[in-house]
Amino acid sequence: MTTAWLVAKRELHGYLMSPLGYVIVAAILLIDGLLFNGFAMGGERLSYAVLEMFFYFLSGTTMVASIFITMRLFAEERQTGTLTLLQTSPAAEWQLVMGKFIGAYLFLLLLTALTLYMPLLVLVNGKVTWGHIFAGYLGLALLGAACVAIGTLASSLAPNQILAAVLSGVLIVALLVMWMVARKVGGPVGAVVGYLSLFDKHYQPFSRGIIKSETIVFFLSLTYAALVSATAVLGGRRWRG
Amino acid sequence: MIVAEEVSKYYGERRALDQVSFKIGAGEVAGFLGLNGAGKTTLLKILCGLLLPSSGRVRIDGIDVLDQPREVRRRIGFLPEQPPIYGDMTVRQMLGYAGRLNGLTGGEIGRRIDEVIAATELTSVADDLVAWLSQGYRQRLGIAQAIVHRPALVILDEPITGLDPKQIVGMRGLIRGLAEHHTVLVSSHILGEIHQTCDRILVLHQGRLIAQGTEAELTTQATGQVQVVARGAAELVQQTALKTKGVSRAEVEQTDDEVVTLLAEVDGLGGREALVSALVGAGVGVRRVAEVEAGLEAIFLRLTGSSAARSSAG
């Protein structure tokens, strides 16, 4: 795990030293603030509904942020040639993947933590519970983990950053629209497809302040599956070249 | 140090390496010479564990790259054509990262960074960002990151690419210096470079190892021409030479009344021995046998040319 942490620290350093990291943080916080002020706070609403809408918007920006944060993970290193340094070191593939994932995920959590002032404003001026805020952020953290893992996989597959962003975008959108596919298909297959629905089935309860163990299992499983796949992709490249 | 046995590598249907076998001893500075696309980089990537062979075996320090890839990688430092260095780190940070990644720890790392910075003459830029460095310093840093963890084997792929003449001279000295503590493998398509830095040369062409040895040995293999000064009748000398197995051409010139000079094309060292033996057997007084020297460029062209001819004939 020491090697994974070393790679994670290097990744965090990379975000904090590059303009891209700050551009992502500034853009996402600006959009979050505008959505919160313009829509969630607009009109007459119960504070509970304001908070629910806040977490609804934040799920979207979290997914977009994940795509932009992760596109560089392996694809940039491949483009600049520094991936060779990692792949010729004694580090195992899973250590490299975990390191990249942890670095990107910590950066996303830092970005998410910077939005905390908005629900705190609702808490101070309205009637919401700490539990609702906790559940919402837990949902965001789990959704973020899954999206960062999917982005890590896309970045391990793609030859450059743009394709990595496109690929992770396609994968995340595909998981988002599973509920529509499930409705069309119906029956047992529809139920299986519907289970994969990232937002509709699994995230929405968190935004309402409800924590379900099955949704936690879903997000953790998705994260694990994506990271294992990324590890297999890196290992496979040693065979294929 | 390195034992490669019938190593082949395919990219899909395309064969990049074809049953390459060789051995390289500890402390040697060996050079892979070949035209662009000869398979040098593929072979180096296999040796450093970046790629796995499609067939064949490679052992580094007695360890098989397929059985224990991480153990093999621990023993290797690699500088690819493009140095794997991060522009947003300082030289010290970069070496610290590379060292830790390769297993250095604690107090050892600081001491080792200082040693490597001194050895690669990076002291004046040690706290500069990598992005600010010139190409020459980048190459030096590339070598520094390859040796920071004291690997037994250092592999350098085209280490002088993009350097100016002064930097090339400095790089040669640095590579020769590495041989004090490491086995060094260098690849290049520049003949003069291999000639100046390596003890032994391995010539790759179209994925096959077509020759290996010291420059002198390659000269013999490639030129195949020997000059024999002998006492005897010109006709006897020529006929004897032409009848000898392993001699494909023989021209005789009368030097004085008794002495002739034979210029013969022989098939390697065996052909040369057979020729001398046949001449002595025929009663010719062999006075001197010498190789006809050719430049490395001529040798290389001849080797790659004859290999291509063999391929097309086969």
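1. In chain B, B:I60 has B:I63 in strand 5 as its bridge partner. Strand 4 (residues 55–60) and strand 5 of chain B run antiparallel and are joined by 2 bridges. Strands are DSSP runs of E of at least two residues, and helices are DSSP runs of H or I of at least four residues, both numbered from the N terminus. Two strands count as paired if DSSP finds at least two bridges between them.

2. The model is predicted: local features need pLDDT of at least 70 and side-chain atom pairs count only at pLDDT 80 or more, while totals for chains, interfaces and linings use all residues. Residues are numbered from 1 along each chain as its sequence is written, chains are lettered from A and ligands numbered from 1 in the order in which they are written, and side-chain values use heavy atoms, with hydrogens and water left out.

3. The open sheet of chain B has 4 strands in the order 2-1-4-5, with antiparallel pairing. Its edges are strand 2 (14–24) and strand 5 (63–64), each of which pairs on one side only.

4. A hairpin is formed elsewhere in chain B by strand 9 and strand 10, with 2 residues between them. B:Q206, in the turn, has a positive phi of about 50°. Strand 9 (residues 200–205) and strand 10 (residues 208–213) of chain B pair in the antiparallel sense over 5 bridges, and B:I201 stands opposite B:G213 of strand 10.

5. The domain assignment of chain B, which is automatic or taken from a database, gives domain 1 (2–213) and domain 2 (225–291). Taken over C-alpha atoms, the centres of these two domains of chain B are 45 Å apart.

6. How many residues of each chain are in contact? The interface brings 28 residues of chain B into contact (heavy atoms within 4.5 Å) with 27 residues of chain A. Buried area is the accessible area (1.4 Å probe) that two parts lose on being put together, summed over both. Chain B and chain A bury about 2500 Å² between them, with 61% of it on carbon and sulfur atoms. On the chain B side, B:R73, B:Y86 and B:L101 lose the most area to chain A, together 26% of what that side buries.

7. A salt bridge here is a side-chain nitrogen of Lys or Arg within 4 Å of a carboxyl oxygen of Asp or Glu. The rule finds 1 salt bridge across the interface of chain B and chain A; B:D88 and A:R10 meet in a salt bridge through their side chains (2.8 Å, N to O). Strand 1 (2–11), helix 2 (69–74) and helix 3 (91–101) of chain B each supply at least two residues of the side that touches chain A. Helix 3 of chain B gives the largest share of that side, 6 residues.

8. Over all chains, the structure holds 24 salt bridges. One salt bridge joins the side chains of A:E93 and A:R238 (2.6 Å, N to O). This pair links distant parts of the chain, 145 residues apart: A:E93 lies in helix 6 (residues 93–113) and A:R238 in helix 13 (residues 213–240) of chain A.
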